[in-house]
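Please read it with the sequence and the coordinates open.

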Amino acid sequence: MNEIELVVGDELYTAQLLVDEAPESVSAVCELLPLHSKLMHVRWSGIATWINIDEIDLPELPRENHTAYPSCGDLLLYPGFRNEQEILWACGPTCFKSPAGELAGNHFATVNTGRENLNKLEQKTLTDGAQDIVIRMA
C-alpha cells in the first residue's frame with residue numbers, strides 16, 4: 001500500500017503514497033480505487049490537470065499536509081471545503097485555485113516514475129481535451 005499507478009492512454013506513472021504525512025487522505029483515496037475517470041486540464045491553476053470526484057462520497061477529512069502550491073508531480077486531494085471535490089495533479093508551476101479563490105489540497109502522493117512526461121501530459125489535456133485515466137494500487 002505504498003504506491004499507486006496512474007494510467008493515461010499508453011502512459012504509466014507511479015506515485016509514492018505519503019502515508020505518514022497524510023494518513024486519512026491516503027486511506028480515503030485507497031478506498032475509492034480503482035478509479036476510472038477523466039483527466040482534464042485545470043482552468044485556473046497553471047500547469048496541472050485534475051479529476052472531478054464530486055460524485056464520490058468521501059469521509060470528512062482534515063486538512064493534512066495541505067498546500068496551494070504543489071510541486072511538479074504532486075497529487076492533491078481536495079475534499080470540497082469550498083469547491084467541488086477533486087484530485088489535482090501538478091505537472092509544472094501550479095497555484096491551486098478555483099472561481100472561489102485560492103484552495104489548499106491535501107498532498108497525499110508524489111509521482112516518481114514518468115515525471116519527465118508530465119509537461120506533455122498537461123499539454124495533451126489542454127489541446128486534445130479530457131483523457132481517460134485509471135488510478136489503481138501498484
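## Terms and basis

A residue is called buried when its relative accessible area is under 20%, exposed when that area is over 50%, and partly exposed in between, with a 1.4 Å probe and protein chains only. Helices (H or I, at least four residues) and strands (E, at least two) are DSSP runs, numbered from the N terminus.

The model is predicted, and local features need pLDDT of at least 70, side-chain atom pairs count only at pLDDT 80 or more, while totals for chains, interfaces and linings use all residues. Residues are numbered from 1 along each chain as its sequence is written, and side-chain values use heavy atoms, with hydrogens and water left out.

In helix H2, which spans residues 118-128, the buried residues are Leu 118, Leu 121, Glu 122 and Thr 125. Viewed down the axis of H2, these buried residues fall within an arc of 100° (taken over the directions from the helix axis to the C-beta atoms), so they line one face of the helix. On the other side of H2, Lys 120, Thr 127 and Asp 128 are exposed.

The buried residues of H2 pack against strand S1 (3-8), S2, S3, S4, S7 and strand S11 (131-137), where contact means heavy atoms within 4.5 Å. Just after H2, Gly 129 adopts a positive phi of about 90°.

## Aromatic pairs

Two aromatic pairs are present in the structure; rings of Phe, Tyr and Trp (its six-membered ring) pair if their centres lie within 6.5 Å, and planes under 30 degrees apart count as stacked, over 60 as edge-to-face and the rest as tilted. The rings of Tyr 13 and Trp 89 have centres 5.1 Å apart and planes at 90°, so this pair is edge-to-face. It links distant parts of the chain, since Tyr 13 belongs to strand S2 (residues 11-17) and Trp 89 to strand S7 (residues 86-94), 76 residues apart. Tyr 13 is buried at a relative accessible area of 2%, and Trp 89 is buried at 1%.

Tyr 78 and Phe 96 also form an edge-to-face pair, with 5.5 Å centre to centre and 90° between the planes. Tyr 78 lies in strand S6 (residues 74-78) and Phe 96 in the loop between S7 and strand S8 (97-98), so the pair ties together parts that are 18 residues apart in sequence. Tyr 78 is buried at 2% relative accessibility, as is Phe 96 at 1%.

## Backbone in two loops

Leu 33 and Pro 34 are joined by a cis peptide bond, with omega about 0°, and Pro 34 sits in the loop between helix H1 (23-31) and strand S3 (35-41).

Asn 65, in the loop between strand S4 (46-52) and strand S5 (66-67), has a positive phi of about 50° although it is not a glycine. At 31% relative accessibility, Asn 65 counts as partly exposed.
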